[in-house]
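Start with the sequence and the structure below.

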Amino acid sequence: MKGELTGSEEAAARRATTAHTRYEESRPGETTATNHRRSRTKFTEDQLKILIKAFNQKPYPGYATKQKLALEIDTEESRIQVWFQNRRARHRVQKRLEPEKDSEASQIQDCSEDKIHSRGDRRCRTSYTSFQLYTLISAFTNNPYPGIDSREQLAKEIGVPESRVQVWFQNRRSRFSVGRKREFDELLEQKQDPDQDF
């Protein structure tokens with residue numbers, strides 16, 4: 001039936017709700033008003049024309065190109081980055097829905113994707129001072145999923161753009177979950193081999 005979840009989707013939704021509930025319960029007295037999402041960015045027709053033209057020329061623009069586009073259409077570079085990510089995702093879905101027309105065309109595409117993913121045009125890696133890291137780690141310990149208001153406040157406090165704070169939290173959550181999986185795997189190994197010396 002339409003609207004019903006499969007068993008695995010329902011289980012995933014339960015896990016997400018349980019994790020969120022546990023997290024909310026671990027923060028007594030703190031309101032969730034600071035964890036709202038950023039309002040949706042609405043582009044004008046003219047802005048969209050510029051973005052689509054740039055996407056058709058280069059779906060993986062470098063930092064300098066995104067900065068130039070941001071100035072041209074008067075918005076933040078981070079919003080340009082998100083627009084390109086969303087556009088590439090939509091483009092992949094549309095391509096998946098279309099039947100493959102010609103194997104020759106797909107081979108040409110594979111070659112061009114190698115060029116697209118070159119690292120020469122990337123943003124420079126953000127380096128943080130000890131103070132900045134201490135501040136970010138403290139904030140992560142208190143709330144691994146900060147809202148836009150919290151991220152903007154942190155960005156102002158440590159002197160970096162909000163988009164860098166957002167990426168730092170995404171990377172930290174990813175590292176945190178990988179570390180927890182590794183600990184779980186080690187624990188399983190220890191249980192399977194009780195004669196192992198420590």
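## Aromatic contacts

Phe-55 and Trp-83 are both buried. The model they belong to is predicted. A search of the whole structure turns up seven aromatic pairs. Phe-55 and Trp-83 make one of them, with an edge-to-face arrangement. Helix α2 (residues 45–57) holds Phe-55, and helix α4 (residues 77–97) holds Trp-83, so this pair ties together parts that are 28 residues apart in sequence.

Trp-168 and Phe-169 also form an edge-to-face pair. The geometry of these two pairs is set out here.

| Aromatic pair | Centre to centre | Angle between the planes |
|---|---|---|
| Phe-55 and Trp-83 | 6.3 Å | 90 degrees |
| Trp-168 and Phe-169 | 5.2 Å | 80 degrees |

Are Trp-168 and Phe-169 buried or exposed? Trp-168 has a relative accessibility of 10%, so it counts as buried, because the cut-off for buried is under 20%. Phe-169 has a relative accessible area of 1% and is buried too.

Trp-168 and Phe-169 also belong to one aromatic cluster, together with Phe-140 and Phe-176.

Which ring lies under the charged end of Arg-88? That ring belongs to Tyr-60, and the charged end of Arg-88 sits 4.3 Å from the ring centre.

How values were computed
Residues numbered from 1 in each chain as written. Predicted model: local features only at pLDDT ≥ 70, side-chain atom pairs only at ≥ 80, totals over all residues. Heavy atoms only, no water. Phe/Tyr/Trp six-rings, centres within 6.5 Å; stacked < 30°, edge-to-face > 60°. Helix = DSSP H or I, 4+ residues; strand = E, 2+ residues; numbered from the N terminus. Buried < 20%, exposed > 50% of the residue type's maximum accessible area, 1.4 Å probe, protein only. Lys NZ or Arg CZ within 6 Å of the ring centre and 35° of its normal.
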